[in-house]
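Hello,

Please find the structure below, with the sequence alongside. My notes on what was found in it follow.

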Amino acid sequence: MIGALYSGISGLNSFQGALNTESNNISNVNTIGYKSDQISFADLMYQGEIGMGVSSKVIDKNFTQGSLKLTDSPYDMAIEGKGFFMVKGDTNEVLYTRAGDFRMGEDGTLQMPNGYNIQGVVSGVATYNATNANDTAFTDEYSNFVASQVIKTNNGSNIENVNVKTTNYNESASDDSITNSGNNYKTKEAKISDVEQLISSYKSELNLYSSLPTAGVVATKQESIAQFDTSLFDANTTSVEIKIGNTNISQGISTNSTSLAVNIQTTLNLLADKISAIQGMKASVNTTGQLQISSLVPGVKTAISDASIVSGESKIASNITTTNPIIGSGKAKLDAIEVELKAAVENANAKYLKQTTNLDTTGTVVSDIQLKLDTLGYSSSPFGTPEVVDGVIYMTQGDNRFAIAKVSTAVFTNEMGLDPKGGNMFSQTVESGVATLGTIENKVLGNALELSNSDLSENLVNLMVFQRSFEASSKSITTSDEFLKTAIALKK
């Protein structure tokens, strides 16, 4: 009878703990990333063949995947698979959570609602190619978008992020001095046209390179020389001609001077100027009648033919020699085009700025994730539109897209050994083992949250079972008490 009393008490204690566990599960049914508790029981020691009651053996966390919910918040994230987000607490202790309801803190870092900073791998220091070495951030002055590209190398583990802008070359461009006639002379319109063609070529090659990143081969420019024999010019000479691609260019003989030599040079200068007005071309001529024609875009071939001196009804052909361009490929070709693009922008009295960053997504050094673009030094404007793709945080500002960081996750040998700290967080213990970075065990999704894995229907059923078990244990105590009363009454 005394043993039955103690067995009943053990039942009351154990099922009280079970009721608390299930009540906790029920109360956290809407808690983001919550992992439900599962209580298990064990029988106590035996005296002979009679058991002495029950005890709560252990309360384990159920780390099965919770349902995923799509959200409208760009900072919400969810882990699909094993692992935990890494969080830096008040004492710089690293804690772990499955709750991804993040936000931008006042200081610009990615944080939990309680202000703890999320940890991740951040982009390295940017490199620059700029007209002005002091310009590193995109300011309002850099109003013309050129290109923005994400390039994945090292089997996708490294993200190279390229962003290019210029100042307004449409406003800054102006005609060259007329004294430059015959020496790569460019009008304002020709300079703008050259920049736009080079931008188009650069963007096309950048996109091609991003799809297949290789070192490649350097591209070269086409160079042609048309030799006009100045001794063949006479009073009957009416014009000089040449064909560039499908365009026939003719320049009438100048009559501004009484000197034939001066008129010949003026005529050839004007012919060179007309060639320089063609998009992507430039030309110069020397005093011996040698006309040098160059393509501005590396790797582009242009047919140049039919150079002649026209006298009356006859045409005297002039000799043309052409060094064909090397088409080139990969990064080497891209860099060659960029050199010409930057030069064309500067020739239009504008400034060029390219930022290049690299993000090693397999990096092991983690830190706070800064989201403000001005703090990062990318732009004078702090804010952009965030997007999370496979755990990588991108910030879009206008047409430019910046790869900021990759949110890190950690996995454990024995996640059951983690110590629950409240606030959806856990800490590492000896039983859990040391945290290692999760690389293939999970995927981080953007605009999503992992819901609680607490099953309300199961929780309610368990609650009723434990309630009845509690009542039954109390009944065994009252029954044992009745037996004791009966035994005592027998003595009387």
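**Salt bridges and cores**

D335 has a salt bridge to K331, with N and O 2.9 Å apart. Both residues belong to helix α5, where they sit four residues apart, about one turn of the helix. K331 is also partly exposed, at 25% relative accessibility.

Before going on, note that this is a predicted model. The mean pLDDT of the protein is 90, and 87% of the residues reach at least 70. Helix α5 (residues 330–347) has the highest confidence, at 98, while strand β3 (residues 50–51) has the lowest, with a mean of 62. Where pLDDT is low, the predicted coordinates should not be read in detail.

There are 17 salt bridges in the structure. Side chains of opposite charge can pair when their charged atoms come close. One of the bridges joins D37 and K61, at 3.0 Å from N to O. D37 is in strand β1 (residues 37–43) and K61 is in strand β4 (residues 54–61), so this pair links distant parts of the chain, 24 residues apart. D37 is buried, at 13% relative accessibility, and K61 is buried too, at 13%.

Another bridge is formed by K351 and E141, whose closest N and O atoms are 3.2 Å apart. K351 is in the loop between α5 and β23, and E141 is in the loop between β12 and β13, so the pair ties together parts 210 residues apart in sequence. E141 is partly exposed, with a relative accessible area of 43%.

The largest nonpolar core has 29 residues, of which M77, F102, L110, I393 and V407 touch the most other members. Strands β6, β7, β26 and β27 each give two or more residues to this core, and β27 gives the most, with four. Leaving out residues up to four places away in sequence, the contacts of M77 include F85, F102, L110, I393 and V407. A second, separate core has 23 residues, among them V146, Y169, I199 and I337.

Finally, F145 is in strand β13 (residues 144–153) and is partly exposed, with a relative accessible area of 29%. Beyond its neighbours within four places in sequence, F145 is in contact with V164, K165, K203, D399 and N400. The C-alpha atoms of F145 and T166 are 6.6 Å apart, although 21 residues separate the two along the chain.

Regards

Methods:
Residues are numbered from 1 along each chain as its sequence is written. This is a predicted model: local features need pLDDT of at least 70, side-chain atom pairs count only at pLDDT 80 or more; totals for chains, interfaces and linings use all residues. Side-chain values use heavy atoms; hydrogens and water are left out. A nonpolar core is a set of buried Ala, Val, Leu, Ile, Met, Phe, Trp, Tyr and Cys residues joined through side-chain atoms within 4.5 Å. Buried means under 20% relative accessible area, exposed over 50%, partly exposed in between (1.4 Å probe, protein chains only). Contact means heavy atoms within 4.5 Å. pLDDT is the predictor's confidence in each residue, from 0 to 100. A salt bridge is a side-chain nitrogen of Lys or Arg within 4 Å of a carboxyl oxygen of Asp or Glu.
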